[in-house]
Amino acid sequence: MTDYPEILTKARFYLELTLDGSKDSVDGYFMECSGFKATQEVIQIAEATPQKWGKTGQSAGRLITTKIPGSISYSNITLRRGLTCSTVFWDWLSATESGNWSTQRRDGSLVIYNQAAEEQFRFEFKRAWVTGYSISDVNVTGGDFEIEEIEVTIEELKRINVVSTNAN
């Protein structure tokens, strides 16, 4: 029998955020995350060659277009979870907005675990800082959970291969 990698479905996993320099082993567990996107710029170069071309071969300077990879950029990551008493992310935002942003850039990782608490997927990011923080509108008559949302900008994102601990 061939072993196929498990398909990671939304309903069976949770997401953990850990920041370098934190006093806590885990800074937050999230049920929703968006913005995992890397985009590489395309640089297009057009140059004329001395090659002769055309019906009679009298035209010179055939145009050649080449595309090469440019710089890569990463979209902001948005994390959502039920509102907790923790002030980790609010404190991070406050330290950044008080003019201390260069020391608040953090490296960290986003890890997805399965229901058996086994690591299945890992992204590591570099030089991140908080660009936004919000909580959902408070309504005392509603029965919904309050949602805390944090937006983080990153300068580098890498997917790390996870070594399975399962002995199949």
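The following legends describe close-up views of a predicted model.

Local features are given only at pLDDT of at least 70 and side-chain atom pairs only at pLDDT 80 or more, whereas totals for chains, interfaces and linings use all residues. Residues are numbered from 1 along each chain as its sequence is written, and side-chain values use heavy atoms, with hydrogens and water left out.

**View 1. The protein chain and its order of elements.**
The protein chain contains 1 helix and 12 strands; helices (H or I, at least four residues) and strands (E, at least two) are DSSP runs, numbered from the N terminus. Along the sequence, the elements follow the pattern β-β-β-β-β-β-β-β-α-β-β-β-β. Of the 168 residues, 24% count as buried, where buried means under 20% relative accessible area, exposed over 50%, and partly exposed in between (1.4 Å probe, protein chains only). Among contacts with a separation of 6 or more, 61% are made by residues 24 or more positions apart; a contact means heavy atoms within 4.5 Å.

**View 2. The bend in helix 1.**
Helix 1 comprises residues 88–104 and spans only 12 Å between its end C-alpha atoms, whereas a straight helix of 17 residues would span 24 Å at 1.5 Å a residue. The expected span is 1.5 Å times one less than the number of residues. Helix 1 bends by about 110 degrees at S98, the bend being the angle between axes fitted to the seven residues ending there and the seven starting there. The buried residues of helix 1 are F89, W92, L93, A95, T96 and Q104.

**View 3. The largest nonpolar core.**
This core has 20 residues, of which L17, L79, W92, L110, F125, I150 and I154 touch the most other members. A nonpolar core is a set of buried Ala, Val, Leu, Ile, Met, Phe, Trp, Tyr and Cys residues joined through side-chain atoms within 4.5 Å. Two or more residues are contributed by each of strand 1 (14–19), strand 8 (77–82), helix 1, strand 10 (119–135) and strand 11 (147–153). Strand 10 gives the largest share, 5 residues. In soluble globular proteins, nonpolar side chains tend to be buried together. Beyond residues up to four places away in sequence, I154 touches Y74, S75, I77, F125, K126, R127 and A128.

**View 4. The surroundings of G70.**
G70 belongs to strand 7 (residues 63–74) and counts as buried because its relative accessibility is 17%. G70 and V42 are 28 residues apart in sequence, yet their C-alpha atoms are 5.4 Å apart in space. With neighbours within four places in sequence left aside, G70 is in contact with Q40, E41 and I43.

**View 5. The hairpin of strands 9 and 10.**
Strand 9 (residues 106–113) and strand 10 run antiparallel and are joined by 7 bridges; two strands pair if DSSP finds at least two bridges between them. The two strands form a hairpin with 5 residues between them, and A117 in the turn has a positive phi of about 65 degrees. Across this pairing, G108 stands opposite F125, and S109 stands opposite E124. S109 is buried because its relative accessible area is 9%. The side chains of S109 and R122 are joined by a polar contact of 3.0 Å. A polar contact is a pair of N or O atoms within 3.5 Å; within protein, one must be able to donate a hydrogen and the other to accept it, and residues adjacent in sequence count only if both atoms are side-chain atoms. Beyond residues up to four places away in sequence, S109 touches E16, L17, T18, R122, F123, E124 and F125.

**View 6. Strand 10 and its pairing with strands 11 and 12.**
Strand 10 runs antiparallel to strand 11, with 6 bridges between them; here G132 has E151 as its bridge partner. Strand 10 also runs antiparallel to strand 12, with 5 bridges, and F123 has R159 as its bridge partner in strand 12. R127 lies in strand 10 and has a positive phi of about 50 degrees although it is not a glycine. R127 counts as partly exposed because its relative accessibility is 32%.

**View 7. E156 in strand 12.**
E156 lies in strand 12 (residues 156–160). Its side chain makes a polar contact of 3.4 Å with the side chain of K158. With residues up to four places away in sequence not counted, E156 touches Y74, E124, F125, K126 and R127.
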